[in-house]
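Welcome! Take a moment to look over the chain before we walk through it together.

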Amino acid sequence: MEVKMKALLVAGLLAIGLLMSAVAKASDIEEVIVIGANISKGHSDPTYDNSIIEALDPTRVYQPGGVGGFVGATTHGTDTKHTTVYRNGIPVNDPGSGWYDFGTETPTFQTLKMISGPNSALYGSSSMAGTILMEDNFDGNNFFTKAGDGLFYVQGGTESWHLSRYKGSNGSVKTDNNEEDWFENVTLKTKTEIGNWKVINVLQDYSYDYDSCYDSSFAKVNTCTQEGVKSDLSIRNDWFTAGYSLNDVKHNTGWSAKSERYFVDANKEVYKDLILGIQNQREYYDDKYDYHTSFYANYNTELFGFGYRYEENEHIYRVGHSHNGWNISFANSFRKPNLYERYGDDWVRSNPYLKPEKGKGVEASYVGITAWYYKFEEGIDYNFATSSYYNIGKYETKGIKYNKSILLDQGNLNVFVQYTDSDRIRVPEYKTRISWAGESQDGRFDYMVSYIGQFEKGLEFDGRPIDDVTTISLYTGYDLTPRHRLGFQISDIFDREFEILPDYSAGGRTFTLSLDLSL
């Protein structure tokens with residue numbers, strides 16, 4: 001019966017999209033112009049990046065739990081559930097947790113577009129602080145391999161498929177034991193194009209060792225394993241997108257969770273620069289489910305952009321302005337409670353009366369300088385006394401950052417500095433990345449030296465201080481031929497071991513060698 005319901009749902013969603021095809025001129029939601037927003041672009045490169053999050057925030061080269069451990073986007077000092085991630089045109093934030101876990105991903109040359117600021121008017125719930133648009137690339141016949149200290153990574157593919165295999169050691173995830181913990185990932189990506197339609201499927205199978213879990217007798221052990229399957233299917237053309245996402249995870253302690261989402265978006269340009277759209281989603285978390293429909297509009301003039309969305313009985317507005325290098329946007333936003341927050345499990349009590357998180361924000365940028373202020377209401381947090389989620393009231397985050405690349409005769413200097421004043425825990429007050437890149441006269445040899453720092457990260461939940469991060473790394477490459485590139489990397493040159501969080505080690509000098517072939 002459930003399978004039949006899902007099949008009928010997908011058929012219904014496709015019918016909605018077909019009804020929108022009357023007007024030929026339309027636009028993919030990822031290509032809709034967001035006037036006034038600060039938009040940055042990134043590219044995951046396994047030669048340099050050990051995780052995808054580095055392509056979004058180059059100061060986050062170390063994560064709690066090491067490679068494979070949870071990594072969520074924390075835009076401008078906000079919560080991980082306040083940034084929506086779209087993959088190949090469909091939203092992939094987990095319906096159960098509300099965030100997207102980049103930690104189980106490996107860099108496979110994905111392109112990323114980061115649109116900061118409140119974007120709920122266009123991208124819906126959870127886009128309270130920003131939106132990340134991730135595209136899986138298929139760049140022709142290629143082969144890449146990387147090996148080093150406790151690491152082996154190989155990937156390759158064509159214009160229609162891509163396969164990768166990763167295995168890496170984190171040493172011991174926590175500092176209270178010497179057990180070696182590993183992360184493994186196999187990812188298969190396929191792309192099919194039929195006329196104007198593009199079908200992309202991403203299938204991941206991974207396993208991750210971690211510490212500090214409880215076995216069936218409630219004894220604390222370090223032999224913990226998480227195994228999971230993630231799948232994302234996207235079918236789209238210029239005016240219509242349908243998709244399905246799955247996150248199925250199991251732990252050796254007996255705990256498991258399964259989340260699914262069916263999604264459809266159809267939009268068209270009904271008048272000059274006026275786009276109207278409709279979205280429908282059905283979300284599952286174990287045996288719980290939710291479905292909702294939303295309507296949105298986006299209109300642009302030469303200088304101003306206006307957006308509106310109606311979803312979950314919420315009215316969301318956005319206005320933006322761009323002129324002579326200036327960008328400024330004002331908006332309200334919301335995040336509906338995810339299924340786990342509302343219904344819980346054997347350990348967390350349900351709270352069906354949770355209200356959506358709401359927020360207001362303003363962001364302005366000019367020539368590499370960006371300033372922002374967000375104010376959130378009805379924030380959702382966990383109450384240990386009642387073992388349930390509840391609305392905690394108001395909190396704020398504000399800050400300013402500078403990001404500029406300066407091209408000099410001897411090379412390229414990039415300076416990134418950010419100050420953040422946030423009520424959220426674990427957010428560094430100051431963070432910076434300073435890099436210098438150069439190359440030989442013939443262009444065959446290149447190098448980059450990068451310094452990264454994160455300071456004043458505050459206190460952990462139990463009151464313990466969180467270490468600062470300071471590390472310097474060197475990246476070099478040599479083009480053996482126009483199609484063969486050899487890379488070498490030294491991470492944390494001065495071997496500055498530290499704890500990224502209390503009891504979670506990070507840093508330590510490592511060496512890796514890579515080979516990139518275009519066939």
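Which residues have the most contacts inside the largest nonpolar core? This is a predicted model, where local features need pLDDT of at least 70, side-chain atom pairs count only at pLDDT 80 or more, and totals for chains, interfaces and linings use all residues. Residues are numbered from 1 along each chain as its sequence is written, and side-chain values use heavy atoms, with hydrogens and water left out.

The answer is Phe-102, Leu-122, Tyr-123 and Ile-132, in a core of 26 residues. A nonpolar core is a set of buried Ala, Val, Leu, Ile, Met, Phe, Trp, Tyr and Cys residues joined through side-chain atoms within 4.5 Å; buried means under 20% relative accessible area, with a 1.4 Å probe and protein chains only. Apart from this core lies another, of 21 residues, including Tyr-153 and Tyr-340.

Now for the charged side chains. The structure holds 27 salt bridges, each a side-chain nitrogen of Lys or Arg within 4 Å of a carboxyl oxygen of Asp or Glu. In one of them, the closest N and O atoms of Glu-105 and Arg-87 are 2.7 Å apart. Glu-105 counts as buried at 3% relative accessibility, and Arg-87 counts as buried at 1%. Glu-311 and Arg-309 form another salt bridge, also with 2.7 Å between the closest N and O atoms, and both residues are buried.

Finally, a word on confidence: pLDDT, the predictor's confidence in each residue from 0 to 100, averages 90 over the protein chain. Over residues 1–26, pLDDT stays under 50. Where pLDDT is low, the predicted coordinates should not be read in detail.

Methods. Contact means heavy atoms within 4.5 Å. Buried means under 20% relative accessible area, exposed over 50%, partly exposed in between (1.4 Å probe, protein chains only).
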